[in-house]
Amino acid sequence: MAFDYEKYLRMERMPHMWCPGCGIGIVVKAMLRAIEKMGWSQDDVAVVSGIGCTSRTPGYLDFNTLHTTHGRALAFATGLKLARPDKHVIVISGDGDAAAIGGNHFLHACRRNIDITLIVVNNYIYGMTGGQASPTTPFGMRASTAPYGAVDPAMDICQVAIAAGATYVARGTVAQGLLLERYILNGLKHKGFSVIEAMSDCPVQYGRRNRMSSAVEMIQWIRDHGVPVTRAKELPPEELEGKFVTGELHVAERPEYTEEYRRLIEKAQKAAEGAHG
Amino acid sequence: MAETRVQEGKAAGAVEQPSPGKSLPRIEVIADFCKGCEICVVMCPRNVLEMRADPSRWVGSVVAVVRPEACTRCMLCEVHCPDFAIKVF
């Protein structure tokens with residue numbers, strides 16, 4: 001039975017502005033299905049974003065939405081979650097927004113383990129501003145600022161998140177929308193900071209410069225370069241060269257930030273009462 | 001933009017007769033939302049969908065349901081349509 005996406009969309013703003021074949025729509029759909037499965041009321045969900053193609057998402061969604069400055073979505077979301085811990089805060093970011101300009105906020109949100117779900121749509125490039133190389137542009141692949149191929153090794157957002165202390169880290173692709181939905185659902189269920197990286201296509205800015213000018217070619221490229229985590233464990237490192245590992249990469253339990261903060265307030269209030277009483 | 005819904009599932013002539021008691025899936029295409037990226041056509045394991053040239057549209061083509069009787073309601077086209085343009089009932 002068809003899923004009722006209209007319930008969650010601002011239909012007067014549709015069709016959306018993303019290019020033909022852009023994978024962001026697939027990620028947004030997976031996110032909406034996961035939210036529906038959680039059974040949350042639209043008034044209890046807040047979607048926060050920064051700047052970029054992906055960050056246009058909240059404009060089309062009928063939740064509490066916040067469109068903030070470039071890279072600072074996590075900083076705004078942290079404030080929102082601390083002020084209203086009862087709300088479910090979801091941040092949707094692009095690779096440039098989360099890993100480059102907001103890299104510092106990303107590290108510290110992971111470290112704090114605040115109960116926010118971060119969805120990073122990684123399309124390997126800065127799409128909106130003209131196809132500049134981003135921290136995730138694979139080595140040797142072309143971008144408008146790397147016409148002879150990127151010389152910087154690509155950043156692995158999931159490994160950075162694990163190292164920084166995120167407690168749920170998963171990677172899906174837009175070629176497997178149902179799996180992506182499952183990872184987002186598990187991320188929403190998880191108490192603590194969850195990072196879901198969605199490998200996405202950008203046929204216009206990235207594919208066009210790398211001999212994959214159609215969305216279909218790029219989606220097939222993504223499908224062929226993803227290695228499931230169970231299989232990756234058996235493969236020698238040289239076979240994983242240039243590929244990315246998909247699946248649930250890290251699940252851990254750690255004290256959650258808003259709860260720890262509440263405890264700290266109670267402790268301070270008790271100490272103050274003791275001093276004055 | 002006026003929203004026009006094209007019910008292609010019933011319009012396209014059914015070649016194979018479905019077994020009695022089994023309802024034919026209804027595939028709804030919101031033509032105004034389709035940007036002609038072809039992802040649904042590739043995702044469909046049963047070749048139910050096809051691109052059809054449409055010079056009146058800026059993208060030049062629109063998805064059409066050509067073999068609704070082969071559809072198994074796997075929903076892969078709906079799940080992977082980035083433009084919210086396909087619905088399978």
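## Burial and the interchain salt bridge

A residue is called buried when its relative accessible area is under 20%. By that cut-off Lys87(B) is buried, because its relative accessible area is 9%. The model described here is a predicted one.

Lys87(B) takes part in a salt bridge with Glu6(A), in which the closest N and O atoms are 2.8 Å apart. This pair crosses between chains: Glu6(A) belongs to the segment before α1 of chain A, and Lys87(B) to strand β5 (residues 86–88) of chain B. Across the interface of chain A and chain B, one salt bridge is found by the rule, while the count over all chains comes to 16.

## The interface of chain A and chain B

Chain A contributes 31 residues to the contact and chain B contributes 25 residues. The size of an interface is often expressed as the accessible area lost when the parts come together. Between chain A and chain B the buried area is about 2,200 Å², and carbon and sulfur atoms give 69% of it.

Polar contacts across the interface number 11 residue pairs, with both residues at pLDDT 80 or more. On the side of chain A that touches chain B, the elements giving two or more residues are α1 (24–38), α6 (177–189) and α7 (215–225) of chain A. Of these, α1(A) gives the most, with six residues. By class, this side of chain A consists of 22 nonpolar, six polar and three charged residues.

The buried residues in α7(A) include Ala215(A), Val216(A), Met218(A), Ile219(A), Trp221(A) and Ile222(A). Within chain A, the buried residues of α7(A) pack against α1, β7 (168–173), β8 (194–199), β9 (226–228) and β10 (244–251). They also pack against α2 (39–43) of chain B.

The largest nonpolar core has 82 residues, and those touching the most other members are Met31(A), Leu32(A), Ile184(A), Tyr206(A), Leu49(B), Val63(B) and Ile86(B). Helix α1(A) supplies the largest share of this core, nine residues. Apart from this core lies another, of 23 residues, among them Ala109(A), Leu118(A), Val120(A) and Val169(A). When neighbours within four places in sequence are left aside, the residues in contact with Ile86(B) include Ile27(B), Cys40(B), Leu49(B), Val63(B) and Cys77(B).

## Organisation of chain B

Chain B has three helices and five strands, and from the N terminus on its elements run β-α-β-α-β-β-α-β. Of its 89 residues, 52% count as buried. Among contacts in chain B between residues at least 6 apart in sequence, those joining residues at least 24 apart make up 53%.

Pro55(B) is found in the loop between β3 (49–53) and β4 (61–65) of chain B. This residue is exposed, with a relative accessible area of 80%. Its C-alpha atom is separated by 21 Å from that of Glu28(B), the two residues being 27 residues apart along the chain.

Side chains of opposite charge can pair when their charged atoms come close. In chain A, the side chains of Arg171(A) and Glu197(A) form a salt bridge at 2.7 Å, N to O. Arg171(A) lies in strand β7 and Glu197(A) in strand β8 of chain A, so this pair ties together parts that are 26 residues apart in sequence. Both partners are buried: Arg171(A) has a relative accessible area of 4%, and Glu197(A) one of 1%. Elsewhere in chain A, a network of salt bridges links Lys81(A), Asp115(A), Lys191(A) and Glu259(A).

In chain B, Lys35(B) and Asp83(B) meet in a salt bridge through their side chains (3.3 Å, N to O). Lys35(B) is in the loop between β2 (27–30) and α2 of chain B, and Asp83(B) is in the loop between α3 (76–80) and β5 of chain B, so the pair ties together parts 48 residues apart in sequence. Lys35(B) counts as buried at 8% relative accessibility, and Asp83(B) is buried with a relative accessible area of 3%.

## Buried polar side chains in loops of chain A

Thr137(A) is located in the loop between β6 (132–133) and α5 (157–164) of chain A and counts as buried at 1% relative accessibility. A polar atom of its side chain lies 2.6 Å from the backbone oxygen of Tyr124(A), and the side chain of Thr137(A) also reaches the backbone nitrogen of Ser134(A) at 2.9 Å. Not counting residues up to four places away in sequence, Thr137(A) touches residues including Ile125(A), Asp152(A) and Tyr206(A).

Gln42(A) occupies the loop between α1 and β1 (45–49) of chain A and is buried, with a relative accessible area of 18%. A polar atom of the Gln42(A) side chain lies 3.0 Å from the backbone oxygen of Lys7(A).

Definitions and conventions
Residues are numbered from 1 along each chain as its sequence is written. Chains are lettered from A and ligands numbered from 1 in the order in which they are written. This is a predicted model: local features need pLDDT of at least 70, side-chain atom pairs count only at pLDDT 80 or more; totals for chains, interfaces and linings use all residues. Side-chain values use heavy atoms; hydrogens and water are left out. Contact means heavy atoms within 4.5 Å. Buried area is the accessible area (1.4 Å probe) that two parts lose on being put together, summed over both. A salt bridge is a side-chain nitrogen of Lys or Arg within 4 Å of a carboxyl oxygen of Asp or Glu. A polar contact is a pair of N or O atoms within 3.5 Å; within protein, one must be able to donate a hydrogen and the other to accept it, and residues adjacent in sequence count only if both atoms are side-chain atoms. Helices (H or I, at least four residues) and strands (E, at least two) are DSSP runs, numbered from the N terminus. Ala, Val, Leu, Ile, Met, Phe, Trp, Tyr, Cys and Pro count as nonpolar, Asp, Glu, Lys and Arg as charged, and the others, Gly among them, as polar. Buried means under 20% relative accessible area, exposed over 50%, partly exposed in between (1.4 Å probe, protein chains only). A nonpolar core is a set of buried Ala, Val, Leu, Ile, Met, Phe, Trp, Tyr and Cys residues joined through side-chain atoms within 4.5 Å.
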